[in-house]
2 protein chains.
Amino acid sequence: MPFHLDTFLPYLLSVAAHRTSARFAALYAAEAGLTIPEWRVLAHLDHSGAASVRDIHALVHLDKSVVSRAASRLEQAGLVKKQGDTADRRLIVLRLSPEGTALMLRLSGIAERFQAQLVAELGTDAPTLARALQRLAPGSEP
Amino acid sequence: MPFHLDTFLPYLLSVAAHRTSARFAALYAAEAGLTIPEWRVLAHLDHSGAASVRDIHALVHLDKSVVSRAASRLEQAGLVKKQGDTADRRLIVLRLSPEGTALMLRLSGIAERFQAQLVAELGTDAPTLARALQRLAPGSEP
DNA sequence: TTGACGTCGTTGCATCTGCAACGATATGCT
DNA sequence: AGCATATCGTTGCAGATGCAACGACGTCAA
């Protein structure tokens, strides 16, 4: 009995994730030419206020190098400010600039509308989906 | 009210997909050093018998170039045979070699056990998750 | 038949990713 | 204090990815 790829959860997850990210990226592409890592860094800074590269690396599931390069691009674009931590001079504190804050104000509106649309498409399955995904994607594991 | 990334479905999907794929890849890494595209090509050939690059591209959500290169590597590894279609000489028919069939026999066992473990972890949410993912990942759209 | 157009698989190229260094700094042990 | 060890952010590098060509082949209409 051969194996069926189209009921295999890792495959379904991968395809659904890719497609959903692409749909969302198309929405904010008009607003700002951000990559997904850049968007995640901005979003995290928006709700945490300030964070180091390490914090984002740990909490947002991006490699250190990806965060570092995304932060550099965002700084060059004037959306983020880097600032050496005075207590621990290895750390670099990232904060949204006023322009970054303004951009996130618009982007978070787009994101919330997209989330609402997804929830509408999923109907009553939406909360279960979110719960199941959170179980598959633990917050702290490597 | 700032935006919360950790309830955002595209983000949850991405992290869950990455982590689940990594768990699965670790399982078959010992059995065969396959990349994910290679695994998908093998799995699709296992249950379709024969398929062209185009077929796999359309059904398995991989770029043409990715399928082409994966097929070349698999052929060089002796797991897949390429064969020109006699009717339409643009097409290249891919089939599992005996070695490829034997490998898939072992890999599909690993895959089914992993799927069973995931289902066990998810409990009653598993069928709902699968249904929701299928709705987010339509079979034919570009 | 001829020629325009579409499709197939491959390849080149720019970019992104993940991993392993590396220098700078901090921490802990003696 | 002094030195080994660990952590932080950056960078180099090999490999993978997505996209746009490209040549080869097929299809359709005139």
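Trainee: What should I know before reading the numbers?
Mentor: The model is predicted, with local features needing pLDDT of at least 70 and side-chain atom pairs counting only at pLDDT 80 or more, while totals for chains, interfaces and linings use all residues. Residues are numbered from 1 along each chain as its sequence is written, chains are lettered from A and ligands numbered from 1 in the order in which they are written, and side-chain values use heavy atoms, with hydrogens and water left out.

Trainee: OK, how many residues does each chain put into the contact?
Mentor: Chain A gives 50 residues and chain B gives 50 residues. Contact here means heavy atoms within 4.5 Å.

Trainee: And how much area do chain A and chain B bury?
Mentor: About 5100 Å² between them, 69% of it on carbon and sulfur atoms. Buried area is the accessible area (1.4 Å probe) that two parts lose on being put together, summed over both. On the chain A side, A:Phe3, A:Leu9 and A:Leu136 supply 14% of the area buried against chain B, more than any other three residues.

Trainee: How many salt bridges between the chains?
Mentor: Four. A salt bridge is a side-chain nitrogen of Lys or Arg within 4 Å of a carboxyl oxygen of Asp or Glu. One of them joins B:Arg131 to A:Asp125, with the closest N and O atoms 2.9 Å apart.

Trainee: Which helix of chain A gives the largest share of the side that touches chain B?
Mentor: Helix 1 of chain A, with 13 residues. Helices are DSSP runs (H or I, at least four residues), numbered from the N terminus. That side of chain A divides into 29 nonpolar, eleven polar and ten charged residues. In this scheme Ala, Val, Leu, Ile, Met, Phe, Trp, Tyr, Cys and Pro are nonpolar, Asp, Glu, Lys and Arg are charged, and the others, Gly among them, are polar.

Trainee: How is chain A laid on chain B?
Mentor: By a turn of 180° and a shift of 0.0 Å along the axis, with an RMSD of 0.0 Å. That is the relation of a two-fold axis. The superposition is by least squares on the C-alpha atoms of residues with pLDDT of at least 70 in both copies. In chain A, the C-alpha nearest the axis belongs to A:Leu129, 2.7 Å from it. Both copies use the same surface, as 100% of the contact residues of chain A recur in chain B.

Trainee: What does A:Arg54 reach?
Mentor: An N or O atom in the side chain of A:Arg54 is 2.5 Å from a phosphate oxygen of DNA strand D.

How values were computed
Helices (H or I, at least four residues) and strands (E, at least two) are DSSP runs, numbered from the N terminus. A polar contact is a pair of N or O atoms within 3.5 Å; within protein, one must be able to donate a hydrogen and the other to accept it, and residues adjacent in sequence count only if both atoms are side-chain atoms.
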